[in-house]
Amino acid sequence: MYLPATTSVLRTLVDDGRLAGPHTAFAVTPRLREFYAVSDAEADVEELEYAALLGAGRASLRLLDIDPTAVRRRVVLAADVSDSEVSEIDDADTEHGAVRVTADIALRDVASAHIDGADAEEDVRAAVNVVLEADLGSEDAQFVVDQAEGHELAWYASQEIGTVLELL
């Protein structure tokens, strides 16, 4: 599953070795599969996982909106969690692929971190300021969010998270 985060959340993960649950995250769910079966019937598992990652990236923008101390970069953690600790959020107003994770997320469960590069900061800063308007349907705000989402998230192994934080 893909857990939206911020650099502040990463710091907690490194310092405490875990993130206390529950969490809202993103995964390849039946609802996500159903959505892509209609819009892109040829989507394979990797494409569906990428869609879940993008959903978590959008949620990271929302977290940045309420975390003024975090570096203005989207952060997504890829983690392995027991299926028994994950349940799909079945709500028409919730993004496809949204799940509820009841468990704590330990650093050892994190496979990788996906973080925006420095070149994305200006676009992310702008998107954070309008992401809620985009959620409510503003086309102008969506354009700004699209600019931020156009940046690819860099991949880091879990062992690199502490070093990455020091460099930010």
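Is Ser60 buried or exposed? Ser60 is buried, as its relative accessible area is 0%; here buried means under 20% relative accessible area, exposed means over 50%, and partly exposed lies in between, with a 1.4 Å probe and protein chains only.

Before going on, a word on the basis: this is a predicted model, in which local features need pLDDT of at least 70 and side-chain atom pairs count only at pLDDT 80 or more, while totals for chains, interfaces and linings use all residues. Residues are numbered from 1 along each chain as its sequence is written, and side-chain values use heavy atoms, with hydrogens and water left out.

1. You will find Ser60 in helix 3 (residues 45-65); helices (H or I, at least four residues) and strands (E, at least two) are DSSP runs, numbered from the N terminus. Setting aside neighbours within four places in sequence, Ser60 is in contact (heavy atoms within 4.5 Å) with Pro4, Ala5, Arg73, Arg74 and Val75.

2. Helix 3 against helix 4. Helix 3 packs on helix 4 (residues 121-135) at an angle of about 105°, and their axes are 9 Å apart. Axes are lines fitted to C-alpha atoms, for helices over the stretch in contact, and angles run from 0 to 180 degrees between N-to-C directions. Helix 3 is therefore roughly perpendicular to helix 4, a label for 65 to 115 degrees; under 35 degrees is roughly parallel, over 145 roughly antiparallel, and the rest oblique. From helix 3, Arg58, Leu61, Arg62, Leu64 and Asp65 meet Val124, Ala127, Val128, Val131, Leu132 and Asp135 of helix 4. The residues of this contact divide into seven nonpolar, no polar and four charged. In this count Ala, Val, Leu, Ile, Met, Phe, Trp, Tyr, Cys and Pro are nonpolar, Asp, Glu, Lys and Arg are charged, and the others, Gly among them, are polar.

3. Strand 4 and its partners. Five of the five residues of strand 4 are buried. Val75, Leu77 and Ala79 point one way, while Val76 and Ala78 point the other way. Strand 4 pairs with strand 1 in the antiparallel sense over four bridges; two strands pair if DSSP finds at least two bridges between them. Strand 8 also runs antiparallel to strand 4, joined to it by five bridges. Leu77 is a handy landmark: Leu3 stands opposite Leu77, and Leu77 stands opposite Ala113 in strand 8.

4. Strand 6 and its partners. Strand 3 (residues 23-26) and strand 6 run antiparallel, joined by four bridges, with Ala25 opposite Val99. Strand 5 (residues 86-88) also runs antiparallel to strand 6, through three bridges, and Val86 has Val101 as its bridge partner.

5. The nonpolar core. The largest nonpolar core has 21 residues, and those with the most contacts inside it are Met1, Leu77, Ile105 and Ile161. Such a core is a set of buried Ala, Val, Leu, Ile, Met, Phe, Trp, Tyr and Cys residues joined through side-chain atoms within 4.5 Å. Ile161 touches Leu10, Leu13, Val14, Leu77, Leu107, Val110 and Ala113, not counting residues up to four places away in sequence.

6. Asp116. Asp116 lies in the loop between strand 8 and helix 4, and is buried, with a relative accessible area of 0%. Asp116 and Ala154 are 38 residues apart in sequence and 6.0 Å apart in space, C-alpha to C-alpha.
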